[in-house]
Amino acid sequence: VKNPEGIYSLEYRDYDVHNYKNYISLVVKDYEYNIIDKSNPVGLESYVINKKTGERIGAEDLLLENNLTMDQVKELIRKRLDDTQVLSGEETVIKIDETINNLSIFTIYINKKGNLEITFVVKTLESNYNDSIELR
């Protein structure tokens with residue numbers, strides 16, 4: 001593998017800021033990069049702040065306020081992954097059950113449109129990636 005820059009591995013972080021009326025959400029995405037596997041998401045976290053009160057709102061509270069359960073969220077994720085599934089030869093690329101059963105890296109926040117959104121890591125045959133869906 002040619003690598004003229006001499007960078008074989010590193011960790012990096014990406015930030016997204018979502019402002020909507022009385023809320024601001026900071027979404028933090030952590031990645032590991034190596035020359036063989038390229039970028040691989042390893043962490044997600046969000047900070048949702050009510051601008052009027054200054055209080056942080058957790059994922060459980062956001063789900064509760066929107067009358068959602070994690071089981072309902074997992075079904076929405078399953079639908080999204082079913083809709084985007086592709087084949088590599090005869091094998092499916094997205095590991096849907098593994099993604100949902102091991103849903104340990106995800107974050108829930110209020111996006112720029114004021115909708116509840118989840119970003120989560122999708123497990124695949126090759127390299128994993130982040131995906132997002134609006135929940136409400």
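A cavity is a set of points, on a 1 Å grid over the protein atoms alone, where a 1.4 Å probe fits but cannot get out. Grid points are joined across faces, edges and corners, and a volume is the space filled by probe spheres set on the points.

I noted the ground rules before looking. This is a predicted model, in which local features need pLDDT of at least 70 and side-chain atom pairs count only at pLDDT 80 or more, while totals for chains, interfaces and linings use all residues. Residues are numbered from 1 along each chain as its sequence is written, and side-chain values use heavy atoms, with hydrogens and water left out.

Confidence. I looked up pLDDT, the predictor's confidence in each residue, from 0 to 100. The chain averages 93, and 97% of the residues score at least 70. Strands here are DSSP runs of E, at least two residues, and helices are runs of H or I, at least four, numbered from the N terminus. Strand β5 (residues 87-88) has the lowest confidence, with a mean of 85, and strand β4 (residues 56-57) the highest, at 98.

Cavity. I found one cavity of 30 Å³ or more. The largest cavity holds about 40 Å³ of space. Its lining residues, which have an atom within 4 Å of a point, are Thr99, Asn102, Leu103, Ser104, Ile105, Val121 and Lys123.

Backbone. I then checked phi. Lys21 has a positive phi near 40° and sits in the loop between β1 (9-20) and β2 (23-34). Asn67 has a positive phi near 50° and sits in the loop between α1 (59-65) and α2 (70-84).

Notes:
On a 1 Å grid over the protein atoms alone, a cavity is a set of points where a 1.4 Å probe fits but cannot get out, and a pocket is an open set with protein on both sides within 12 Å along at least five of seven lines; lining residues have an atom within 4 Å of a point.
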